[in-house]
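The sequence and structure come first.

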Amino acid sequence: MGVLLLNQILTLALLGLALNNYFGFYGSWADLLGTDTSQSAPIVADQGPGVPPAEVTGGVQVIGTTRVPLISGRNGDAGGRLQQVVISGATSRLSSPAYIYLPPQYFEERYANTRFPVIVALTGYPGDARNLVTRMNMPAVAARAIDRREMIPTIMVLMRPTVAPPRDTECVDVPGGPQAETYFTKDLKEAMAGSFRVGTDAANWGILGASTGGYCALKIAMRHPEAYSAAVSLSGYFKPPIDATTGDLFGGSRKLRNENDMMWRLDHLPHPPISVLVTSSRKGESNYPSTLAFLRAVKPPMQAASLILPSGGHNFNTWIRELPQALPWLAQQLHMPSPASPGSPAPAPSPSS
């Protein structure tokens, strides 16, 4: 019985090892146990040349509001507020649940006519926007960075890239299908501008994501520099997969497939005037070689920086270690918008305030 039990344990361990080697969830035992606190090298700048869509009309529906605490222990809105919302797109006819982080300055009288820059943060696939709050703690990370003046006061929209669940659209405008790219580049910005004091220029908007969200962030900024001026890809890849979760994303069009391949774009199209940060790990991440190839291929006016961990798998523990550097970096690429007019939208109502 003991031998049989040992064999079962070894079989399960072998299966787990094989899955980990294939998917790259963990890069080391410390990564698995959550004890890997080794610091990455500093960011290195590139030195080389669902909600049913039947009644979607566009806008932000606020479901609830909570306060974001600061470690300093200050009360009130010292850390800002987090709103649970549904964001609907008038053009794409898509809707998605999300969280909106509003920095404390948004509610201060001296900022009453101030518009704020925006960072869109995306999960992986299939993802859950709550993971950006409960697992990655993005609102608290942003609140601390703003409090320490490591980043300018910035609004954050936390959501998943899966806006037509359960399909993995890879943020593509699918021919005859969900128009996910339009949702993120047009509808989302219009909905936010209609409900909050936000800038509308590309210089005021950045996008960040992990895994599938990392690919989406990089792709959206590269394909739409008129909408986003900067992007961060945490453990992202550079071309979309085609599998049972995606279906046919391109309607058989080789041209559309190429245009969604970031390496193809760098080889065949003008480089956009944006700034990007890509992350990986020397040990544990399968995208490490392709990340280096991407960095080598970037040319001005596009600017690329990298954040490379010594080790780390394709998981939340890795991204949590990268976020305190990646988030302020992204905010530093953005510009404060021009002042708002007196008739600009007031903060959305808060049931808990």
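## Disulfide

With a torsion of about 100° around the S-S bond of Cys171 and Cys216, the disulfide is right-handed. The two sulfur atoms are 2.2 Å apart, and a disulfide is here a pair of cysteine sulfur atoms within 2.5 Å. By this rule the count is one disulfide. Cys171 sits in the loop between strand E6 (155-159) and helix H5 (180-195), whereas Cys216 is in helix H6, so the bond ties together parts 45 residues apart in sequence. Helices (H or I, at least four residues) and strands (E, at least two) are DSSP runs, numbered from the N terminus. Both Cys171 and Cys216 are buried; buried means under 20% relative accessible area, exposed over 50% and partly exposed in between (1.4 Å probe, protein chains only).

## Basis of the values

This is a predicted model, in which local features need pLDDT of at least 70 and side-chain atom pairs count only at pLDDT 80 or more, while totals for chains, interfaces and linings use all residues. Residues are numbered from 1 along each chain as its sequence is written, and side-chain values use heavy atoms, leaving out hydrogens and water.

Strand E3 (residues 81-88) has seven of its eight residues buried, so the rest of the structure largely encloses it. E3 runs antiparallel to strand E2 (residues 59-67), joined by eight bridges; strands pair if DSSP finds at least two bridges between them. Gly59 is opposite Ser88 of E3.

E3 also pairs with strand E4 (residues 95-102), again antiparallel and over eight bridges. Val86 has Pro97 of E4 as its bridge partner. Six residues separate E3 from E4 in a hairpin, and Arg93 in the turn has a positive phi of about 60°.

## Nonpolar cores

A nonpolar core is a set of buried Ala, Val, Leu, Ile, Met, Phe, Trp, Tyr and Cys residues joined through side-chain atoms within 4.5 Å. The largest has 51 residues, of which Ile87, Met192 and Phe294 touch the most other members. Helix H6 (residues 212-223) is the main contributor, giving seven residues to this core.

Beyond its neighbours within four places in sequence, Met192 is in contact (heavy atoms within 4.5 Å) with Val60, Ile100, Ile155, Val157, Val198 and Trp205. A second, separate core has 39 residues, including Ala78, Ile119, Leu309 and Leu330.

## Ser290

Ser290 belongs to helix H9 (residues 288-297). Its relative accessibility is 30%, so Ser290 counts as partly exposed. Between the C-alpha atoms of Ser290 and Met263 the distance is 9.1 Å, with 27 residues separating the two along the chain.
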